[in-house]
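Here is a brisk report on a two-chain model. Look over the sequence and the coordinates, then read on.

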Amino acid sequence: MTNIGSPTDTPFKSTRLLVAAGITFVLLVLACLAIADAPLEKVMGVVQKIFYFHVPCAWLLLLSTFVCAGGSLSYLFGGSERGDRIALSAAELGVLFGLCVLVSGPLWARAAWGVYWQWEARLTSSLLLWLMLIAYVLARRYGGSSARRLAAAIALFAAVDVPLVYFSVRFFRSIHPNNTVVATLVPGMRAAFWLSLLAFTALWITLFIARMAAENAQGRLVDLELRLDQAEETRS
Amino acid sequence: MNVSFWRYTMLIAGKDLRIEGRSREVLYTMGFSAALVVLVFSFAMANATDPAQGPITAAGVLWAATLFTGTVALSRVLDRERENESIRSLLLSPVPRAAIYLGKLIATAILMLMVEVLLAVLVGVLFSAAAFAHPIWLVTILVLGTLGFASCGVVFSAALLRARSRDALLGALLFPIVIPVLLAASRATACLFDPLAPDLEPVGFWTRFLLATDVIYISLGLWLFEPVVAGD
């Protein structure tokens, strides 16, 4: 029998989520103010401000993939149920932030390049990474219990794709702005960018805590149901 | 990996190929499906092909058909182990799991390559592509692309052996992972199919990319096959 929810799991502490949500809210407000206050870029104008949303989301897509791969690794080779829950929570967040990247990117691209989409290396790789995370979630939702190990394998294959995403600008000819663009920002823009990155990371952590709490609660519920069935069988 | 490891690998590959040689079930169904996929693309794009886009279209059709029909080979090669629960016997036998993986990979790749030769001829005829202008390069790309596809596919197909809606899930889960292989293989093939400017420099680049991807995917497959099939 697969041990889905251990009764020794730590009960959910809502204070941790409330603190994380409070910090996230403050950081998001500060980031919005900093973005509004940041100087306008000369060529792109206000459209450049998508950058403060797009890049943090792209970073969180990568973070989600790595966390998902780490959780999958501990599940696949160490049998850690907690690792499996971490992987699922991170994969769902990866799908969410990946969607944000793939919506905000084309909006900027339309203004910068005149088209919404270009089949160039970084865009293609980001799309692939997002599709792999969707594949992970699909396997978990519809594959049954036997597909949990397959989902972990998908996560590890997706992690292999991450270096391809990040360094593809160097490997392929690309029109996408390269990784050194942050260092060239003027001080007002740089502060807004780092604050935005921090606020979005805090948002990711808050959502991750909430998602993990839901997964743990579900695990405990399944465990309680199993124990109830066993108790009824013993009584009868 | 010693001599007995490779012996086990070849025994497993040989067993699958021998079964296929007797029934020819996978080859016939795959071959027919592959021909149908090429014909469907051909009908859908009839009179609409731009001569400049011809090699790109032909290469794209060749690899799309390979991927679609490759899932048939993957399903059947592993399905045979599900019948009579022979997968349990195979896993209980003192054969290294990596040898089982490599044996299945070799058998699947050989079946796919046999169908790909038919596909290349069909694409050459229907899309007026110079399919056999550089036969050695074409075979190299076909082998590397097929290995890249099958290296992931064998792990996925084995993991889905007992899953519900297995056939629907296999393609949906596998295709996002193997798209880098599809991209590299179809770009290299498009350069080969172009009779006017057969520039082999990009072919070399994409072939090296495919080789690197194959090494990564096969290493991952060897590493993941045991925990993926051994569980539950």
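## Terms and conventions

A residue is buried if 20 or more other C-beta atoms lie within 10 Å of its own, exposed if 12 or fewer, and partly exposed in between, with C-beta atoms placed from the backbone. Helices (H or I, at least four residues) and strands (E, at least two) are DSSP runs, numbered from the N terminus.

This is a predicted model: local features need pLDDT of at least 70, side-chain atom pairs count only at pLDDT 80 or more, and totals for chains, interfaces and linings use all residues. Residues are numbered from 1 along each chain as its sequence is written, while chains are lettered from A and ligands numbered from 1 in the order in which they are written.

## Helix α3 of chain B

Helix α3 of chain B covers residues 54-82. Its 29 residues reach 42 Å from first C-alpha to last, close to the 42 Å expected at 1.5 Å a residue. That expected span is 1.5 Å times one less than the number of residues in the helix. Of the 29 residues of α3(B), 21 are buried, so the helix is largely enclosed by the rest of the structure.

Asn84(B) follows α3(B) and has a positive phi, near 60°. Arg24(B) also has a positive phi, of about 55°, although it is not a glycine. Most residues other than glycine have a negative phi. Arg24(B) sits in the loop between α1 (3-23) and α2 (25-44) of chain B. Arg24(B) is exposed, with 11 other C-beta atoms within 10 Å.

## Helix α6 of chain B

The 25 residues of α6(B) should span 36 Å at 1.5 Å a residue, and its end C-alpha atoms are 36 Å apart, which agrees. There is a bend of about 25° at Gly153(B) in α6(B). The bend is the angle between axes fitted to the seven residues ending at a residue and the seven starting there. In α6(B), 19 of the 25 residues are buried, so this helix is largely enclosed by the rest of the structure.

## Two sites in chain B

Leu119(B) lies in helix α5 (residues 97-126) of chain B. Leu119(B) counts as buried, with 24 C-beta neighbours inside 10 Å. Leaving aside neighbours within four places in sequence, Leu119(B) is in contact with Ala34(B), Val38(B), Leu62(B), Ala65(B) and Thr66(B). Contact here means that the C-beta atoms of two residues, placed from the backbone, lie within 7 Å. Leu119(B) and Ile12(B) are 107 residues apart in sequence and 27 Å apart in space, C-alpha to C-alpha.

Ala212(B) belongs to helix α8 of chain B. With 13 C-beta neighbours inside 10 Å, Ala212(B) counts as partly exposed. From Ala212(B) to Val61(B) the C-alpha distance is 24 Å, across 151 residues of sequence.

## Chain A: fold and confidence

Chain A has six helices and zero strands. Of its 236 residues, 35% count as buried. Among contacts in chain A with a separation of 6 or more, 79% join residues 24 or more positions apart.

What is the mean pLDDT of chain A? It is 83, and 84% of the residues of chain A reach 70 or more. pLDDT is the predictor's confidence in each residue, from 0 to 100. Among the elements of chain A, helix α2 (residues 51-78) has the highest mean pLDDT (92) and helix α5 (residues 147-171) the lowest (74). Over residues 1-5 of chain A, pLDDT stays under 50, and the model has eleven contacts for them beyond four places in sequence.

Leu33(A) is found in helix α1 (residues 14-37) of chain A. Leu33(A) is exposed, with 12 other C-beta atoms within 10 Å. The C-alpha atoms of Leu33(A) and His54(A) are separated by 17 Å, and the two are 21 residues apart along the chain.

## Core and interface

The largest nonpolar core has 127 residues. Such a core is a set of buried Ala, Val, Leu, Ile, Met, Phe, Trp, Tyr and Cys residues joined through C-beta atoms within 7 Å. Those with the most contacts inside it are Tyr136(A), Ile154(A), Ala155(A) and Val123(B). Beyond its neighbours within four places in sequence, Tyr136(A) has contacts that include Cys68(A), Ala91(A) and Ala151(A).

The contact between the chains takes 23 residues from chain B and 21 residues from chain A. On the side of chain B that touches chain A, α7(B) gives the most, with seven residues. The residues of that side divide into 18 nonpolar, two polar and three charged. Ala, Val, Leu, Ile, Met, Phe, Trp, Tyr, Cys and Pro count as nonpolar, Asp, Glu, Lys and Arg as charged, and the others, Gly among them, as polar.
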